[in-house]
Amino acid sequence: MTPSTSARATVAPTARLPTAEPSDEVPTGLAPPRRRPSVALFLLGRVVNALWPLALILVAWWAWVRLGHLPPAVAPDPSGVLTFIAHDPGSFALDALRTAGVVLGGLVVGAVAGALLATVSWFSRLARAVISGPALLSQCLPVATISPVLAKVFGYNTTTIVIITALIAFFPVMVFTASGLARTPAGADDLFVVLGARRLDRFFRLAVPSALPRLLVSLRVSIVVAVAGAMLAQWVMGTSGLGYRLIIAQSSFRTSEAWACSVVSIVLSVILYSIVSGLCRLASERFE
Amino acid sequence: MTGPALAVLGVVLLLAAWQAVAALRWFGTTVCAPTVVVRVFADASSRRVLLDGAGATMLEAVEGFGWALLAAVVVGVLATLLPFLRSGLDQLGTIESAIPFVAIAPILLALFSRDTVPTAMAATTAFFPLYLALVSGLAAVSPAVADLCAALGAARRDTLLRARIPAALPVLTTGMKTAIPLAVLGGVIGEWLGSSNGIGPIMLVAMRNYRMPMMWAAVVVTVVIALLLYGGCAALEWVTARRFG
């Protein structure tokens, strides 16, 4: 593949060293002054490095459809799907917004509930021990598998989808926040006690700052599953949003539309994930 | 009271809350009490149906998990041996993991038959945590060991085989613990796409026909499947942590 070879070309001058060592990984101070790769080449390498996965996906998809001579009813090619989206971008944007709104609402509810329960378990040893059983249970049970049941119990509406998303987000947030609250720097707890800090001060000035990065990491873990769970719930229950549109398109054999929904939801998921991981990086720079 | 006893108490409290919610009819007749669910399992014919479904789902999840593990090993070793591919492969993996379950449905339906879709779906959902664990595990070899290998002139292949892979195993088994619930999830969702066997269709059919006890029994079976597979992975983690940790 050409992108990889060009990426290697920019790396090559640093890798080879004229020493007798059989391994080329040992850094020595004796290397001759190496030529700096030009800025343009460096930038090209970065761009290639960032874009080859996407290009690979598109080329593989295109080749699969074209070389397999698949009819559009089975699998449309990338250009077909993109023109379908370009044909009616407004409705896709609206559906994506609906899904995103449900996901963010559920995420906030779930994160608040999870953080609250983690706080309770920080203050009470008994609560911590009692919660640990159901917490373990929830850790190995994927909530989305029981979304039909939740739909039956809470009704076929948007509130249920928010509840499902909240449940998905709730458990990782609780587990990560509880471990973050407990993971204060060594000795800091003793110092606070010696200096006569009250329990509440210890919580807000010591435990919370150390838990915050963990909480964001847990959001990064749950955001993708939350999007997937919300889509799945819309798909199972048929209310509104991308998941609903997908099942309708699928069941009426409008394959291009179904694939377009898939592509839009993947883009939405990647965007939300990037936002949360960006926040994560900011928080870990600030608090760690 | 000791920790485990309190944890069990927590689960008991959960069951009690479930029983109370059912008895108080907060959600009408949609919530069946645990005692009603037990009666479903007591009935021989419905027990047969549920156990058959559980077996099928478990097989799909484990099979898909196996494929995902194989793919993760191939791609992970590739990313470790050819470092210039690493960032691109990571990115591919992130995109793969960000695909919502139902969004991949049209693709899988075009690629596989309806009865193999659950396995394929389980493999897709379980892949990324396994890949992530493997790559970070292969990088987790301690600097001292890496230096020693380099100083003794070990070939890249030998370093991989004798230093990196043993260091990766504990991390990989931890990754397996996070990936196995996703494999179960993938299996069940794959079944909803039109497969006829497994616990997923049982749950869906019970939901549509308003057979609430059956539906809740299916939920219990799903929990037990997830617990069993998770427990297996946790045991494996414990063993590798003792041997290689």
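In chain B, residues 65-85 are 95% helix and 0% strand, and their end C-alpha atoms lie 24 Å apart; helices here (H or I, at least four residues) and strands (E, at least two) are DSSP runs, numbered from the N terminus. The model is predicted, with local features requiring pLDDT of at least 70 and side-chain atom pairs counting only at pLDDT 80 or more, while totals for chains, interfaces and linings use all residues. Residues are numbered from 1 along each chain as its sequence is written, chains are lettered from A and ligands numbered from 1 in the order in which they are written, and side-chain values use heavy atoms, with hydrogens and water left out.

**Annotated transmembrane regions**

- For chain B, an unreviewed UniProt entry lists "transmembrane region" at residues 65-85, 92-112, 132-155, 167-194 and 214-239; UniProt positions are given in the numbering used here, feature names are shortened, and annotations may be inferred rather than shown by experiment.
- Residues 214-239 of chain B are 100% helix and 0% strand, with end C-alpha atoms 37 Å apart.
- For chain A, UniProt (unreviewed entry) places the feature at residues 39-64, 100-123, 135-155, 161-182, 215-237 and 257-276.
- Residues 39-64 of chain A are 100% helix and 0% strand, with end C-alpha atoms 37 Å apart, and residues 161-182 of chain A are likewise 100% helix and 0% strand, with 32 Å between the end C-alpha atoms.

- Thr119(B), in helix H6 (residues 117-138) of chain B, is buried at a relative accessible area of 10%, where buried means under 20%, exposed over 50% and partly exposed in between (1.4 Å probe, protein chains only).
- Beyond its neighbours within four places in sequence, Thr119(B) contacts (heavy atoms within 4.5 Å) Glu60(B), Glu63(B), Gly64(B) and Trp67(B).
- Cys32(B) is buried at 8% relative accessibility, and Cys149(B) is buried at 16%.
- Zero disulfides are found over all chains, a disulfide being a pair of cysteine sulfur atoms within 2.5 Å.
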